Amino acid sequence: MERKTIKLDQGWDYMQKGITKLKEILEGLPEPPFSSEEYMMLYTTIYNMCTQKQPHDYSQQLYDKYREAFEEYITSTVLPSLREKHDEFMLRVLVKRWANHKVMVRWLSRFFHYLDRYFIARRSLPALNEVGLTCFRDLVYQELHAKVRDAVIALIDKEREGEQIDRALLKNVLDIFVEIGMGQTDRYEDDFEADMLQDTGAYYSRKASSWIEEDSCPGYMLKAKCLKKERDRVSHYLHSSSETKLSEKVQHELLVAYANRLLEKEHSGCRALLRDDKVEDLSRMYRLYCKIPRGLDPVANIFKQHITEEGTALVQQVEDAASNQASNAPGVQEQVLVRKIIELHDKYMAYVTDCFQNHTLFHKSLKEAFEVFCNKTVTGSSSAELLATFCDNILKKGGSEKLSDEAIEETLEKVVKLLAYISDKDLFAEFYRKKLARRLLFDRSANDDHERSILSKLKQQCGGQFTSKMEGMVTDLTLARENQASFEDYLRNNSAAHPGIDLTVTVLTTGFWPSYKSFDLNLPTEMVKCVEVFKGFYETKTKHRKLTWIYSLGTCHVNGKFEQKTIELIVSTYQVAVLLLFNSSYRLSYSEIMAQLNLTHDDLVRLLHSLSCAKYKILSKEPHTKTISQSDYFEFNSKFTDKLRRIKIPLPPVDERKKVVEDVDKDRRYAIDAAIVRIMKSRKVLGHQQLVSECVEQLSRMFKPDIKAIKKRMEDLITRDYLERDKENSNMFRYLA
């Protein structure tokens, strides 16, 4: 049976009834919903009209009429209802109309679904859903979007001023901007976001210009918390893609545009916050500026300047105290300075970790600031020497620092951290080694564990090469104690060999220890036997090692039989050699003593001064002057007495600073030579500038090499045939194997 052909007018009249019913439902008129029979009839009508044989296939005409249905409804009903409303009321109607429109699109595209399946697919035409949305876009959105945008922006500004607004309404309105883009956000961005950002900029620019005049820096930063409110705005009704742009816009107006004025505010800016320890405000400043590209740079700069000023002021205080002779004892001010610098470091390291969340920029600022004043010379001493003296004070018996074991460990840890800022680490090592030698050799070290502990810390900080000699010194002392025990066993077993004097010998390894003067002192006969006995013992242990005696480091306990009482004198080996001469002679001239002992003039002057001109006058001198001259005569002062039964007679101290600096300079020459040869060996040919910069880079871990010194060493290596200049380009060097 053949299906009856439906004409276009007849079919469309039927469809029109369905569309009218749908419109009435949308307008809220009392209409019953579509029954399944009605829905099927409407769908079937379209199906039939599209599947009839030509010329009765009305697919194209129905596709056009589908669009016309929307256009007619929008023009006759939707637009008039929107045009008569304004502001928030218009937005509410728009949201309702958009929701209705989407319902209408959904129902009509179901009725006309057959078109989507075949006709549209074959012809590559826009889908029914798209056609429905496009009608709204072209007729409603294009006409009203500017008014809608302005209404939305006005509401946002009201909310910024603290008024309550309907956030759900804004969310629904802005969703229209997004949905109209049909998968793209260009409508939202171009028609709304760009103007919203511009308005935001203008709003916060006005606010910032008045806040910067009225408020202190902390007060301004508290108001800048509105940044968080702007982020909340995004989560409540703006599209998520706006968050970064909105934050950047607000940050720019509030924080970037006024950064310098805010940070440099006279009584409340960044400097004042640091000065007054306003930790919370500094943390807030960090949180505000850390999200801005390069926003922390000025904060870090001020942080660096502030620390540099504080550190330099500490150094200046010590300089002033020294020049006013205000220090109660030499060296005390310098020790206090190191302690204060440690406290300063603790304080600002806490700022870096707590306020500035360990940001590398602030670590760098702290490092650069400390490098400035930690490398200043203080009262003629380099900071390397001060640090070594500070360690010595902590580690030696009877030092001025009385600390518990935990406090010592903690302080040593902090000293090693300070060492990282000192450029002449090799100078520190040499001073430290000298002082370590004194502590070890004269039994002044308070605790072996602390000695080893700081060496392990230094090793971690500066590498094994830095501490290898010092570790050797500590080990030497342990071996020397074992050696002494063996020597005492040897004497017990060979009573004939006993020299008649108690003898303790400390055997050291030459390479580990600082270099000491070694003279061929003419020892008194009592002591010559001691040396011979120990040599005999040592040769039983090893035949391949040569013993060099360093008498300048020796200590003797000798009884002085004075008229009133016998007093035990603790003196150096040199001093005892002088005193023992008076056992066989009552009166000796300066030149006789010099000839008998085989000493230099400088050393003899020091010895005789300590025995005849200082606190304890064991020898009487003619004439009775305060200085030693080569025409003086000396006698044993039998009338000498003291309330103590045991006294120590010190030698005048020798300023070792000059020698240490000379030794370090010599070592530096070797280090520069080695670095140049190492670089040239691997590179073969290298330009002058590059060789110098690579050399500086290699050596800067231990010291800051002087460019002139490097050039001098290069010339020296050329004369020694390690390098040669290129014949055509004198700025190029070649390595000679």
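**View 1. Phe-303 sits buried, with a relative accessible area of 0%.** Here, buried means under 20% relative accessible area, using a 1.4 Å probe and protein chains only. Phe-356 counts as buried too, at 1% relative accessibility. Their ring centres are 5.2 Å apart and their planes meet at 75°, so this is an edge-to-face pair. Rings of Phe, Tyr and Trp (its six-membered ring) pair if their centres lie within 6.5 Å, and planes over 60 degrees apart count as edge-to-face. The two partners come from distant parts of the chain, 53 residues apart: Phe-303 belongs to helix α15 (residues 297-323), while Phe-356 is in the loop between α16 (332-355) and α17 (360-373). Helices are DSSP runs (H or I, at least four residues), numbered from the N terminus.

This is a predicted model, where local features need pLDDT of at least 70 and side-chain atom pairs count only at pLDDT 80 or more, while totals for chains, interfaces and linings use all residues. Residues are numbered from 1 along each chain as its sequence is written, and side-chain values use heavy atoms, with hydrogens and water left out.

**View 2. One aromatic cluster brings together Phe-487, Tyr-490, Phe-534, Phe-537, Tyr-538, Trp-549 and Tyr-551.** Across the whole structure, a search turns up 25 aromatic pairs.

**View 3. Helix α20 (residues 425-441) is largely enclosed by the rest of the structure, since 15 of its 17 residues are buried.** From first C-alpha to last, α20 reaches 24 Å, close to the 24 Å expected at 1.5 Å a residue; that expected span is 1.5 Å times one less than the number of residues. After α20 comes Asp-443, with a positive phi near 55°.

**View 4. Arg-439 lies over the face of Tyr-432, at 5.3 Å from the ring centre.** To count as sitting over a ring, CZ of Arg (or NZ of Lys) must be within 6 Å of the ring centre and within 35 degrees of the ring normal. Arg-160 does likewise over the face of Tyr-203, at 5.5 Å from the ring centre.

**View 5. The second largest pocket holds about 750 Å³ of space.** A pocket is an open set of points on a 1 Å grid over the protein atoms alone, where a 1.4 Å probe fits, with protein on both sides within 12 Å along at least five of seven lines; lining residues have an atom within 4 Å of a point. Of the 24 lining residues, Asp-426, Gln-465, Phe-466, Ala-671 and Met-702 lie nearest the centre. Helix α27 gives the largest share of the lining, seven residues.

How values were computed. Helices (H or I, at least four residues) and strands (E, at least two) are DSSP runs, numbered from the N terminus. Buried means under 20% relative accessible area, exposed over 50%, partly exposed in between (1.4 Å probe, protein chains only). Grid points are joined across faces, edges and corners, and a volume is the space filled by probe spheres set on the points. Rings of Phe, Tyr and Trp (its six-membered ring) pair if their centres lie within 6.5 Å; planes under 30 degrees apart count as stacked, over 60 as edge-to-face and the rest as tilted.
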